[in-house]
Amino acid sequence: MSRFPYLRQDFTASIVVFLVAVPLCVGVAVASGVPAELGLVTGIVGGLVTGFLPGSSLQVSGPAAGLTVLVFEAVSEFGVAALGVIVLMAGLLQLAMGFLRVGRWFRAISVAVVEGMLCGIGLVIIASQLYAASGLKAPETGIGKIVGLPGAFADALGSTEALTSLAIGAGTVAVIVLWKKMPKKVQAVPGALAAVMLATLASLAFSLPVATVEVEGLLGVIQPPGSDAFGELANPAIWGTIIAFALIASAESLFSAAAVDRLHDGPRTQYNKEMIAQGAGNTVCGLLGALPMTAVIVRSSANVQAGAKTKASRVLHGVWILLFAAALPSALALIPLPALAGILVHAGWKLIPFRQIATLWRDHKGEALILIVTAVSIVAVNMFEGVLIGLALAVIKTAWEASHLKLEVIDKGVGPIQAYLSGNATFLRLPKILGSLEALPQDRPVELDLSGLHHLDHACRTALENWAERHSETGTEPVKVTSAS
């Protein structure tokens, strides 16, 4: 026992994480448009491969709700067979980034972009899963899903089967929300698992006409990518998806690691090693044709709160998922699909950062605008391009703020007009500065003092020189310029 001083705590925590992970693994897989067992495969790899590797000792990896939208888009465009290749290449890209030590750079990504990304994903998940909860087919586009909801509810009201399905989905959400008000001993069973079990029992007891999970068996769904799938790499469009998988999975994992570090007093995350661990896990998932993985804050926080002390808890949770998938696959066939949709609706709701939006709007309206635009772009266009739009806005905002420039004009009525420039003179501020300088009287000499500038880029320097020449063309004394230091 001296070699494993925390075995009891880690064993108990692993059971809790296993119970949290199973319904989420299955739900994410079904929502992603792939067989349910592939979610379990990714959960197993997250425990047995990524769990063994150094990086973040208490963080737990598996299929994440945050990648559901991206995976569904990829499967719709390239097919399930190509998913393995996409995940494999994304994993190799993560490994390369880890070995090149770029893990810490992900911490420099604007928080507003990350929160906007999660918000957009949450909105799309909620919209799409409301159709699934009603047993209806969802429109393909994010905007279509949201705009079509009133019509979908109207259709559901006219169908007994749709209403029954929707009631199970709503009941699942209600159980998850109310479970936190139950006694502590009852809460030992995770709310999502309790909700799925109750929904399953209800559908069996009353023989409810609802769709259930289709089961193919663990070995039946594992399909390593073949030559045709690798042939897809010749398609330039697939590389955008691969890069999106790698960057978004990495960002989500490393932001999760930072959040988990705040929950415990143990060893801090080694970001480059965690990037390598995530890359190794996704490489194996790709070889097995499974879903991509990220670190998942729900499982990770459950792991910490359950008293885990070492990485043994997350490795053991992978063992339990493997045993469950091998010994009880038929149990999956009993789970109603609207119950899984309810779990995803709740997960999507949790992704929407309501408090952060309110705080940002109150204190930093520019950041709040970036968050909202990123979320809306993801819903209106797609995941990858939405995030790129958010990043571009964040860069523009930072450049604008960094180019703070002040012009002070002193005109005593006689003698030269004195103009003082201070701050950072970049091309972004040129229109305003030139407008102010050109408004100065043409028949008066001007002294332009640039000594207060911290930075003067080439575009500004050239523009100021040209203005000085034009001002002197009218016969006025040449503009006297005091250079920036």
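A: Arg 444 is buried, because its relative accessible area is 17%; buried means under 20%, exposed means over 50%, and partly exposed is what lies in between, with a 1.4 Å probe and only protein chains counted. The side chain of Arg 444 meets that of Asp 411 in a salt bridge, at 2.7 Å from N to O. The two residues come from distant parts of the chain, 33 residues apart: Asp 411 sits in the loop between strand 3 (405-410) and strand 4 (417-425), while Arg 444 sits in the loop between helix 20 (430-438) and strand 5 (446-456). A salt bridge here is a side-chain nitrogen of Lys or Arg within 4 Å of a carboxyl oxygen of Asp or Glu. Helices (H or I, at least four residues) and strands (E, at least two) are DSSP runs, numbered from the N terminus. Asp 411 counts as partly exposed because its relative accessible area is 41%.

Before going further, please keep in mind that this is a predicted model, in which local features need pLDDT of at least 70 and side-chain atom pairs count only at pLDDT 80 or more, while totals for chains, interfaces and linings use all residues. Residues are numbered from 1 along each chain as its sequence is written, and side-chain values use heavy atoms, with hydrogens and water left out.

Glu 438 is partly exposed because its relative accessibility is 41%, and Arg 470 is partly exposed because its relative accessible area is 38%.

Asp 363 and Arg 362 form another salt bridge, and their closest N and O atoms are 3.9 Å apart. Here Arg 362 counts as exposed because its relative accessibility is 58%, whereas Asp 363 counts as partly exposed because its value is 48%. In total, the structure holds 4 salt bridges.

Now to the helix packing. Helix 1 (residues 7-31) packs against helix 15 (residues 312-327) at an angle of about 50 degrees, and their axes are 8 Å apart. That angle is why helix 1 is oblique to helix 15. Angles under 35 degrees count as roughly parallel, over 145 as roughly antiparallel, 65 to 115 as roughly perpendicular, and the rest as oblique. The axes are lines fitted to C-alpha atoms, for helices over the stretch in contact, and angles run from 0 to 180 degrees between N-to-C directions. Helix 12 (residues 236-261) and helix 13 (residues 271-287) cross at roughly 130 degrees, their axes coming within 10 Å. Helix 12 is therefore oblique to helix 13.

Most residues other than glycine have a negative phi. Arg 101, although not a glycine, has a positive phi of about 60 degrees, and its loop runs between helix 4 (80-99) and helix 5 (111-133). Arg 101 is exposed because its relative accessible area is 60%. Ser 207 is not a glycine either, and its phi is positive at about 50 degrees; this residue lies in the loop between helix 9 (191-205) and helix 10 (218-221). Ser 207 counts as exposed because its relative accessibility is 62%.

The surface has a nonpolar patch too, formed by Leu 263, Ile 297 and Val 298, with about 240 Å² of accessible area together. Ile 297 is in helix 14 (residues 297-305), and counts as partly exposed because its relative accessibility is 36%. Patch members have over 30% relative accessible area and no salt bridge; nonpolar side chains (Val, Leu, Ile, Met, Phe, Trp, Tyr) are joined within 5 Å, and like charges within 9 Å. Ala 308, in the loop between helix 14 and helix 15, is buried because its relative accessible area is 7%.

Stepping back, the protein chain has 21 helices and 6 strands. Of its 485 residues, 51% count as buried, and the C-alpha trace spans about 95 × 65 × 55 Å along its principal axes.

Terms used: Accessible areas come from the Shrake-Rupley method with a 1.4 Å probe; for residues, only the protein chains shown count as cover.
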